[in-house]
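Subject: Structure handover

Hello,

Please find the structure below. My notes on what was found in it follow.

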Number of protein chains: 4
Amino acid sequence: MALMTGKEYEESLKKMKMRIFLFGEEMETAVGNPILQPSINSIKATYDLAHMPEYEDLMTATSNITGEKINRFTHIHQSAEDLVKKVKMQRLLGQKTAACFQRCVGMDAFNAVYSTTYEVDQKCGTNYHENFRKFAAYVQENDLVVDGAMTDTKGDRSLAPSKQADPDLYLHVVERRPDGIVVRGAKAHQTGIVNSHEVLVMPTVAMGPDDKDYAVSFAVPLDSEGLVMVVGRQSCDTRKTENTTLDVGNDVYGGMEALTVFDNVFVPNDRIFLNGETEFAGMLVERFAGYHRQSYGGCKVGVGDVLIGATALAAEYNGAEKASHIKDKLIEMTHLNETLYCCGIACSSEGTETASGNYLIDLMLANVCKQNVTRFPYEIARLAQDIAGGLMVTLPSEKDINHPVAGAYIKKYFAGTSTTPIENRFKIMRLIENLTMGTAAVGYLTESLHGAGSPQAQRVVISRQSNMPGKKALAKAIVHIED
Amino acid sequence: MALMTGKEYEESLKKMKMRIFLFGEEMETAVGNPILQPSINSIKATYDLAHMPEYEDLMTATSNITGEKINRFTHIHQSAEDLVKKVKMQRLLGQKTAACFQRCVGMDAFNAVYSTTYEVDQKCGTNYHENFRKFAAYVQENDLVVDGAMTDTKGDRSLAPSKQADPDLYLHVVERRPDGIVVRGAKAHQTGIVNSHEVLVMPTVAMGPDDKDYAVSFAVPLDSEGLVMVVGRQSCDTRKTENTTLDVGNDVYGGMEALTVFDNVFVPNDRIFLNGETEFAGMLVERFAGYHRQSYGGCKVGVGDVLIGATALAAEYNGAEKASHIKDKLIEMTHLNETLYCCGIACSSEGTETASGNYLIDLMLANVCKQNVTRFPYEIARLAQDIAGGLMVTLPSEKDINHPVAGAYIKKYFAGTSTTPIENRFKIMRLIENLTMGTAAVGYLTESLHGAGSPQAQRVVISRQSNMPGKKALAKAIVHIED
Amino acid sequence: MALMTGKEYEESLKKMKMRIFLFGEEMETAVGNPILQPSINSIKATYDLAHMPEYEDLMTATSNITGEKINRFTHIHQSAEDLVKKVKMQRLLGQKTAACFQRCVGMDAFNAVYSTTYEVDQKCGTNYHENFRKFAAYVQENDLVVDGAMTDTKGDRSLAPSKQADPDLYLHVVERRPDGIVVRGAKAHQTGIVNSHEVLVMPTVAMGPDDKDYAVSFAVPLDSEGLVMVVGRQSCDTRKTENTTLDVGNDVYGGMEALTVFDNVFVPNDRIFLNGETEFAGMLVERFAGYHRQSYGGCKVGVGDVLIGATALAAEYNGAEKASHIKDKLIEMTHLNETLYCCGIACSSEGTETASGNYLIDLMLANVCKQNVTRFPYEIARLAQDIAGGLMVTLPSEKDINHPVAGAYIKKYFAGTSTTPIENRFKIMRLIENLTMGTAAVGYLTESLHGAGSPQAQRVVISRQSNMPGKKALAKAIVHIED
Amino acid sequence: MALMTGKEYEESLKKMKMRIFLFGEEMETAVGNPILQPSINSIKATYDLAHMPEYEDLMTATSNITGEKINRFTHIHQSAEDLVKKVKMQRLLGQKTAACFQRCVGMDAFNAVYSTTYEVDQKCGTNYHENFRKFAAYVQENDLVVDGAMTDTKGDRSLAPSKQADPDLYLHVVERRPDGIVVRGAKAHQTGIVNSHEVLVMPTVAMGPDDKDYAVSFAVPLDSEGLVMVVGRQSCDTRKTENTTLDVGNDVYGGMEALTVFDNVFVPNDRIFLNGETEFAGMLVERFAGYHRQSYGGCKVGVGDVLIGATALAAEYNGAEKASHIKDKLIEMTHLNETLYCCGIACSSEGTETASGNYLIDLMLANVCKQNVTRFPYEIARLAQDIAGGLMVTLPSEKDINHPVAGAYIKKYFAGTSTTPIENRFKIMRLIENLTMGTAAVGYLTESLHGAGSPQAQRVVISRQSNMPGKKALAKAIVHIED
C-alpha cells in the first residue's frame with residue numbers, strides 16, 4: 001500500500017513509543033499534544049494532497065526501485081524535470097500550510113545518500129548502496145516520513161570531531177559488533193523529528209583520517225532504544241495551549257524542532273550507509289546541502305505567497321489597497337518572492353545525472369538560491385508589517401475580544417471599512433504576526449537563515465564554484481594579456 | 001519635591017484606580033501584574049537614573065517654568081543643546097532597559113503643545129498656553145509620567161473625521177459645559193498608558209472647518225471616570241507568567257500598548273489646550289511627529305547597542321568571534337546603528353527656536369531619521385540572528401534545562417567553548433530572541449516601523465521639505481537654463 | 001549558404017548604402033569608422049563563434065522553416081530547451097565581447113512576431129504569418145542581422161499615438177498603396193542599427209481603435225530610401241579615435257545606438273506583418289518585451305563574468321586578493337551575477353508553446369529577471385570600482401605613459417607587486433573603467449535599466465501576473481475566512 | 001589683503017611656473033587649458049562666494065592666528081559650530097559647482113597638522129607647531145590654495161614603507177642638510193594639485209621605528225624645483241576640447257587629479273612639520289582622514305542636490321513628474337542625500353577640542369558618514385538614470401543637433417512636452433550623464449568610494465571605535481551575567 005492518507009499516517013505514528021521531552025515533561029507520542037499537533041498536521045497535508053487528482057502530478061512519482069506509484073517525498077529523482085517538480089510540490093505545500101512541512105529534509109537526505117553510497121561502493125567495494133536501496137524500498141512501500149539528520153552540536157568549532165573535549169559532541173560509533181554498530185551523540189535543530197518514522201543520519205562536515213568513527217551514516221526508527229528528543233521553544237508557542245483559535249494566527253499547521261540524542265543506539269548492519277570512509281563525508285554533506293538549499297526555493301516561496309496574500313487582504317481591510325505606495329510594496333514583495341522561485345527552478349532545470357543515475361541540482365545555483373533565501377524573506381516580512389500596520393502588534397487577546405465590555409470597545413473602535421467583518425481583519429493581523437514574529441517566523445525567517453547551512457556556508461560554495469580563473473581568462477582575452 | 005525615585009513612582013501609581021483589561025479580565029492597577037510590571041520597571045529606570053550623579057547632566061534639566069531641577073522627560077527644551085541631550089538620554093535608557101521606556105511620547109507631546117498653544121493664543125486670543133504652562137508646572141513639580149495620545153483608530157481612511165459612519169472613530173467633544181467639555185473616542189496603540197499618571201491628548205490629522213469638534217487637545221489623569229484601557233498582546237507575552245527567568249530573555253524590563261477608550265470623559269476648562277481651532281491641528285501633529293521621529297534616533301540606537309553587544313557575546317560563546325565574516329557583520333550592525341544616531345543628533349543640533357521660546361528639531365532631518373529607523377533595525381536584527389545561529393529558535397525551555405534527564409542532555413550537547421558557563425550562552429540566545437522576535441521585537445522592530453507614523457508619512461514630509469524648486473534652480477544654473 | 005563568417009558579414013555590410021549621421025557628418029557605411037567598427041566587431045563574433053565546434057550546440061540550430069542548420073540568432077525557438085540555449089548563447093557572447101552584441105533584439109522580435117502573426121491571422125483572416133515565415137526564411141538562408149525596432153519617441157506621454165501634436169511622434173502609415181504602404185516616424189535608441197541588414201518594426205504600446213495607422217509591423221532593408229540614422233554619443237566615445245589601444249579599455253568590441261528615422265519609407269505588401277489590427281499591438285509588445293527581458297538574464301551575466309574576472313585581476317595586481325573583504329566582495333558580485341542567471345534560466349525552462357508552435361518564456365519570471373537586471377549590475381559595478389581602487393579614474397593617458405619623462409614616473413610609481421607587468425595593471429584598470437563609466441557602461445548599466453523597458457514597466461507586468469486573488473485565497477484558507 | 005577674488009586667484013596662479021604633463025605634453029600652467037580650466041573655475045567659486053554678503057557667514061571666519069577675516073577654507077576650526085559651518089559651506093559649493101572644488105583637502109590637512117604638531121612638540125620638544133602656525137598665517141594672509149597630499153602609491157601593500165623594493169614608493173627624506181631636507185617619492189590621485197599654490201605633505205600610514213625617513217610632513221610651493229605633475233584621464237575628458245558646450249554637461253566647473261612626483265625636492269627647515277617622529281604618523285593620518293570623511297557629508301550632498309534637481313527637471317521635461325513611482329524615487333534620492341547630510345552634521349556638532357585648541361570631529365560618526373558616502377551616491381545616480389530615461393545615453397552630439405538634416409530630425413522626434421524648449425531637455429540629459437558617467441562621476445561616484453580612504457578603511461575605524469566591550473557589558477547587565 002504505497003500511499004497512506006493523513007489519517008493513516010497519524011495512526012501509524014501513535015503506534016510508536018518515542019521519548020519526547022517538552023516543557024520539562026516526558027511523553028510517548030506527539031499526537032494530540034497542542035504544541036506538536038500542528039506539526040503533525042503539516043505532514044498530514046503531504047499525505048492528503050497526494051490523493052487529490054489535481055495535485056497527483058506534483059505529489060506522486062513512479063519509483064525507480066519498486067516501479068510503484070509513490071509519494072514524491074520518498075522519490076529518487078530520475079530527471080531534471082523531477083527536480084523541477086520537487087520545487088513546485090514544495091511551493092504548493094508552503095501555500096497550503098503556511099508553515100514548514102518538514103518532509104523535505106528526508107527527501108533531500110535520500111537523494112544525497114543514494115548517489116554517494118553508489119560512489120563509495122565503486123571506490124571501496126562496500127555494500128552501502130544496496131543497503132540503502134532496500135531501506136528506500138521499505139520507506140516507499142510503507143510511505144514513511146524520514147527525517148534527515150545532519151547538524152551535530154559541534155562544541156568548540158575550531159576543533160575536528162575527534163579532537164573535542166567530549167568525544168560525543170559529534171555523533172560517532174562507540175562500539176562495533178558483528179551484527180551492527182552502536183552510536184552516541186546528538187543532532188540539533190531536528191525539524192519534524194517527533195512526527196517522523198525514521199531518522200536518516202549523516203555526518204555534518206568533511207572529515208580527516210582521524211575522524212573515522214565520525215564518518216557514519218545510517219537509518220533507525222525513532223522509537224529505537226536510546227533515542228531521546230527534547231523539543232525546542234518557539235516564539236509564541238504556548239498560545240497553542242490557550243484553547244483559542246484567533247490568537248495563534250494559524251490554528252492548523254505548524255512545525256517543530258528538537259535536540260535529538262542518540263544515547264548508545266544500536267544500528268543493524270543492513271541499515272549502515274557509511275562507516276569510516278572519511279573521504280566521502282564531504283561529498284555527502286555537499287550533496288545533501290545542495291538539495292536542501294534548492295528546497296528553500298520552493299517551500300519558502302509558497303509561504304511567501306500566503307504572506308503576500310495576507311498582506312494584500314490587510315491593505316484591503318484597512319481600506320488602503322489603492323494607495324500607490326501599497327501597491328508598489330506588494331509588487332516588491334512579489335518580485336522578491338518570484339526571484340527566489342527563479343533560483344529554485346534554475347538550479348533544478350540545470351540538474352545533471354550522477355553516477356548512480358539519480359539527478360543532482362546545479363550546485364552553484366542552489367547555493368545562490370539559498371543565499372537569497374537568507375535575505376529576501378526578511379524584507380518581505382518587513383514590508384508585510386509595514387502594510388499591516390501597528391494593530392498587528394497591539395491587538396488585544398481573543399479573550400478580550402470576547403469580553404462583553406472590552407470586546408464591545410474593541411469592535412467599535414477597530415472597525416475598518418464597512419464591508420469587512422471585523423473578525424476577518426483580526427484573523428489576518430494574527431496570521432501576519434504568526435508569520436513574521438510568531439511560531440511560523442521560526443520557519444519563515446530564522447530557518448531561512450540557518451536551515452541547510454548558515455549564509456557563510458553558501459558563500460564558501462559560491463566561491464569554490466565561481467571558476468575565477470576562467471573569469472580572469474575572459475578579462476585577459478579582452479585586453480590581450482598573455483601569461 | 002521635583003525628583004521621585006522609582007520606588008516612589010511605583011507607589012504613586014498604586015494609589016490610582018484605573019480600569020485595565022487584559023486577557024479578558026479587569027484590574028485596577030498594573031502594579032504587580034507579571035505582564036505589565038516590566039513596563040513599570042522601564043519607567044522606574046527613568047526615575048532612578050536621574051538620581052545617579054554620572055547621569056545627572058543627561059537625565060535632569062532646569063525648568064524654564066519653575067526654575068527647579070526636574071527630570072528631563074518633563075522638560076521644555078530651551079536650546080539645541082537640550083535637544084541633543086534628549087537624544088543622548090534616550091540612547092542611555094535604551095541601553096539600560098533594552099526596551100521601550102515609554103516616557104518619550106509625553107515629553108514630545110509636551111514640547112509640541114507648548115509651542116502650538118502659544119501660536120494659537122497669538123492668533124485666536126485664547127488662553128491655552130497659560131493652561132498648558134500650569135499643567136506642565138504641575139507635572140514637573142510632581143515628576144509625573146504623561147502619556148501623549150495621538151493615534152485615533154480612523155475607521156474608513158478615505159473619510160474625514162466628521163464624515164465617519166460612527167462619529168466616535170475620531171475622538172471628539174460630545175458636550176460643552178460651563179466648567180469644561182466631555183469627550184468620546186479612543187486612541188490606539190498607547191505605549192505605557194497603564195503606567196502613566198496623565199494622558200495628554202492631541203488630534204491625529206490636519207483638519208478642515210467641519211471637524212471643529214475633533215480639533216481638541218487636553219490632559220486628564222488616567223483614573224478619570226470613563227477612561228478604559230484594553231491591553232494588546234505582544235509576541236511571547238505569556239512567558240512572563242511562567243515563573244521562569246531565562247525564557248523571557250529580558251526578565252526586568254519591557255513595554256506595553258493599549259487601546260485607550262474615552263467613554264464620555266470630562267475635561268475641566270483649565271486642562272483644555274485646543275478646542276475647535278481646526279487650522280492648528282496640522283501644526284500640532286507635525287510638531288509632535290517631528291519630535292517623536294527625532295526620539296527614535298536615540299532610543300532605538302540604545303536598544304541596538306544592547307543587541308549588538310549580545311550578538312558579539314553570542315559569537316564569543318559560539319567560539320566564532322574571530323571569523324572575518326562575523327567581525328564584518330558586527331561592523332555593519334554598528335555602522336547602521338550609528339547612522340541612526342547621526343540622524344538623531346543632526347536633527348537636534350540643527351534645531352531652532354519657536355515663537356514660544358522652546359526649541360524645535362529640524363523637520364526634514366527628523367523625518368529622514370525616522371525613515372531610516374523603519375529600515376535599519378530590521379537589518380540589524382537579521383544580522384543578529386545570522387550570528388546567533390539556529391539555537392536561538394530551537395533552545396528547549398528553562399523547564400527542560402532544569403529537568404534531570406532532558407537538562408543533562410541539553411547541557412552536555414550545547415556546550416560551546418569551555419570557558420563559558422553554558423547558562424550564559426542560553427541567556428544571550430534568549431535575549432536575542434526577545435529583541436528580534438519576542439516581546440521586545442514589538443518595540444524594536446514593529447514600533448520602529450509604525451511608531452511616530454508609518455514610513456509613508458515620513459516620505460510625505462520629506463517630499464514637502466525637499467525644496468525641489470530650489471534644487472531645480474541649482475541644476476538650471478549649472479546648464480544655463482533661464483525660465 | 002546558411003552560415004556566414006564574420007568577414008563575409010562585414011563584406012555584405014559594405015555593399016549597402018545607408019544614411020548615417022555621426023558628429024555632424026554623413027557617411028554611407030559604418031564599416032571602418034573607428035567609433036562604429038567595434039559594434040561591427042561584436043556582431044562578427046556572433047558569426048565566427050557559430051563556426052567553432054565547441055560552440056556549435058549553443059550557436060546554431062535547425063530551422064523549423066527551412067530544415068537547415070542556421071545561426072541561433074535567427075532561430076524560431078522550438079522548445080523550452082531552445083529558450084535555455086538562447087540564454088546560454090547570450091552569456092557566451094557577453095563573455096567573449098564584454099559588450100552589447102546587438103543581435104538579440106532581432107531574435108526576440110522574430111519570435112514575438114512569429115507567434116503574434118499566427119494569432120492575428122486566426123482571428124482576422126489575414127496573411128501575416130505566411131509573410132513573416134517567408135521573411136524569416138530569407139533571413140535564415142542569408143544569415144542576416146535583423147534589428148528589432150520598438151521604441152517610439154512618444155512626445156507627450158500622457159497622450160495616445162493618434163492624439164499627439166505631431167502625428168509622426170509615433171511611427172505610422174501615411175499612405176496605403178496597392179503594392180504596399182508608406183510609413184513615417186522614428187524609433188529611438190536603436191542598438192546596432194548601423195550594422196544590421198534589416199529592421200523589423202513593431203508598435204511600442206497597446207493601442208485603441210483610433211490608433212489604427214499606428215498598429216503596424218513590417219521589415220525593410222536598412223538602405224531603404226527614406227531611412228536615416230543619427231548615432232548617439234556614448235561616454236568616452238572619442239577615445240576610439242585617438243589611435244591608442246590602452247585608453248579605450250576594450251579595443252575590439254563595443255556597441256552603438258541611433259535614432260532611426262523613417263521618412264516616408266515604402267514597405268511592400270509581403271513585408272507587412274500587422275496593419276491596423278490594434279487589438280494585437282499589446283500582445284506583440286508584451287511578447288517582444290518578455291523575450292527581451294529574458295535576454296538580459298544571459299548577455300549581462302556574460303559581461304558580468306568579464307567584469308568579475310577583471311576585478312579579481314585588479315585585486316591580484318594590487319596585491320590585495322587575499323584580504324577577506326576583497327574575497328567577500330568577489331563572492332557578492334558572483335552571487336548577484338548568478339542570481340540574474342537563475343532568472344534567465346528559470347523563465348526559459350518554464351517556457352511554453354504558443355498556438356503557432358514556437359516557445360514563449362514565462363512572462364512573470366522574465367519580468368522578474370529584467371527587474372533584477374535594473375539593480376544588480378549597478379551594485380556589481382560599484383563593488384568592481386571598490387576593489388579596483390582610485391587609480392581606475394586617475395591613471396594618466398597612454399600618451400603620458402609612453403612619454404619619456406612622464407612615463408618613467410608613471411611606471412616607477414604605479415608599480416604594484418613585482419610579478420605583474422605594469423602594463424597589465426593599466427589594461428585592467430581601463431577595462432573596469434570602460435565597463436563601469438565608459439562606452440560599455442552604456443550597455444552594462446544604463447541599458448540594463450532601460451533596455452526592454454524601464455523598471456516601472458516590469459513592475460506593471462509583475463503586478464498583472466501576480467494572481468493576487470489567488471494569493472488572498474491562500475491566506476483566507478489558512479485562517480478560515482469565507483466570503 | 002586676506003580675501004582674493006577669483007580673478008586675482010587665477011592671476012596669481014599664472015605667475016607660477018609648474019611642470020604639468022597632460023596627454024603626453026608638458027605645460028607650465030593649467031590656466032587656459034580646456035581640460036584643466038574647469039578645475040580652476042571650481043576653485044574660483046571658493047573665492048568669489050566669499051565676497052558675497054549672503055554667504056559671508058559660511059564662507060569666511062576670523063583667524064585665531066592673525067585675528068583677520070579669512071576664507072574659511074584656510075581656517076583653523078575654533079568650535080563645533082565652525083565644524084558645522086564647514087560642512088554647510090561644502091554643501092553650498094557642491095550646489096554651485098556640481099563638481100569637486102578641491103580646496104577641502106588642504107583645509108582638512110591644515111587642521112590635522114595643527115593639532116598633531118602641537119602634541120608632537122609637547123612630547124618631543126620639537127618646534128613643528130610654531131613652524132606650522134607661521135605657514136598657516138602666510139596662507140591665510142595671502143588667501144592661498146593648499147593641496148593636502150597623503151596617498152603614496154604604496155607598491156607592494158604587504159610591505160612597510162622601508163621594506164619596499166624601490167625605497168621611493170613611499171615619499172621619504174633622502175638627504176638632511178643644515179638648512180632643510182631633500183625628499184623623494186610621489187603622491188597619487190592629487191585632486192586640484194595643478195591649480196593649488198602650495199602642497200602640504202603628510203605620511204600615508206601608521207609607521208614603525210624603521211620608517212623614520214618616511215615619517216615626514218612639510219609644505220612647499222607647487223613650482224618648487226623637482227616637483228612634477230602628471231594629470232590623470234577622466235571619463236569623457238576630451239569633450240571639453242571639442243569647442244562645444246552642450247556635450248560636456250557642465251561647461252564651467254570640474255575637477256582634476258594628478259600623480260605628483262617629488263624628485264629630490266628641497267624643504268627648508270621652517271616648512272617641516274614632522275621629521276622622523278614615527279609614533280605620530282598614525283595620529284596625523286587618522287585626524288586628516290577623519291576631517292576629510294566629514295567633508296564628504298557636505299560636498300557630495302551639495303552635488304547630490306544638483307543631481308536631484310536635474311532629475312526632477314528631466315521628469316518634468318519628459319512629462320512624467322506626476323507619476324507616483326517618479327515622485328517616490330525623487331523622495332528616495334532626497335532621503336538618501338539628507339541621510340548623508342545628517343552624518344556630516346552629526347560628526348561636526350559632536351566635535352571636541354584638541355590639546356592645541358582647535359576642534360576635531362567625532363571620529364566614529366565621521367567614519368560612518370564616509371561609509372554611507374561609499375554607497376548612497378551610487379544609488380542616487382542609479383535612480384537619476386532611471387528617471388532620466390535612455391535618451392541620456394543615446395542623445396546625438398551637439399554637432400548633429402546643429403546639423404541641418406540630422407538636427408531637424410533630432411528636434412522633431414525628441415520633442416517632449418510642448419512647454420519645454422527642446423534644448424533644455426538636452427542640457428539636462430547631458431548634465432545627468434556628466435554626473436553619473438562623465439567627468440563629474442569621477443568625483444561624485446568613484447571619489448566617493450575612495451577619497452579619504454576606501455570603504456574598508458572606514459570599517460576598520462568603526463570597529464576600533466565601537467567600544468564592543470561596553471556593548472557586551474550592556475547585554476550582560478540585562479541578563480545578569482557576571483564575569
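Helices (H or I, at least four residues) and strands (E, at least two) are DSSP runs, numbered from the N terminus. This is a predicted model, in which local features need pLDDT of at least 70, side-chain atom pairs count only at pLDDT 80 or more, and totals for chains, interfaces and linings use all residues. Residues are numbered from 1 along each chain as its sequence is written, chains are lettered from A and ligands numbered from 1 in the order in which they are written, and side-chain values use heavy atoms, with hydrogens and water left out.

Chain A overall

Chain A holds 17 helices and 14 strands. Its C-alpha trace spans about 75 × 70 × 50 Å along the principal axes. The radius of gyration of chain A is 23 Å, which agrees with the value near 23 Å for a compact globule of 483 residues. That radius is taken over C-alpha atoms, and the globule rule is 2.2 Å times the number of residues to the power 0.38.

Of the 483 residues in chain A, 71% are buried. Buried means under 20% relative accessible area, exposed over 50%, and partly exposed in between (1.4 Å probe, protein chains only). The accessible surface of chain A is about 14100 Å², and carbon and sulfur atoms account for 50% of that surface. Accessible areas come from the Shrake-Rupley method with a 1.4 Å probe; for residues, only the protein chains shown count as cover.

Now contacts (heavy atoms within 4.5 Å). Take those in chain A between residues at least 6 apart in sequence: 76% join residues at least 24 apart.

Chain A carries 49 positive and 60 negative charges, and their mean positions are 4 Å apart. Lys and Arg count as positive, Asp and Glu as negative; His and the chain ends are not counted. Each charge is placed at NZ of Lys, CZ of Arg, CG of Asp or CD of Glu.

The A–B interface

Here 77 residues of chain A are in contact with 77 residues of chain B. The area buried between the two chains is about 6300 Å², with 60% from carbon and sulfur atoms. Arg233(A), Tyr409(A) and Tyr413(A) supply 14% of the area that chain A buries against chain B, more than any other three residues. Buried area is the accessible area (1.4 Å probe) that two parts lose on being put together, summed over both.

Most residues other than glycine have a negative phi. His480(B) sits in the segment after α17 (468-479) of chain B. It is partly exposed, because its relative accessibility is 39%.

His189(D) also has a positive phi, about 55°. This histidine is in strand β7 (residues 180-191) of chain D. Its relative accessible area is 26%, so His189(D) counts as partly exposed.

Individual sites

Val306(D) belongs to helix α7 (residues 281-317) of chain D. Its relative accessibility is 0%, so Val306(D) is buried. Not counting residues up to four places away in sequence, Val306(D) touches Leu474(B), Ala475(B) and Ile478(B) in chain B, and Gly94(D), Gln95(D), Ala98(D) and Leu431(D) in chain D. Leu431(D) is 125 residues from Val306(D) in sequence, yet their C-alpha atoms are 9.4 Å apart.

Ser12(A) is in helix α1 (residues 6-14) of chain A. It is buried, with a relative accessible area of 17%. Beyond its neighbours within four places in sequence, Ser12(A) contacts Met4(A) and His197(A). His197(A) is 185 residues away along the chain, with a C-alpha separation of 8.5 Å from Ser12(A).

Ala45(A) lies in helix α2 (residues 37-48) of chain A. At 6% relative accessibility, Ala45(A) is buried too. Leaving out residues up to four places away in sequence, Ala45(A) touches Leu93(A), Thr97(A) and Tyr253(A). Ile272(A) is 227 residues from Ala45(A) along the chain, and their C-alpha atoms are 31 Å apart.

Gly226(C) is in the loop between β9 (216-221) and β10 (227-231) of chain C. Setting aside neighbours within four places in sequence, Gly226(C) is in contact with Val261(C), Phe262(C), Asp263(C) and Val265(C). Between Gly226(C) and Thr116(C), 110 residues apart along the chain, the C-alpha distance is 28 Å.

Best wishes
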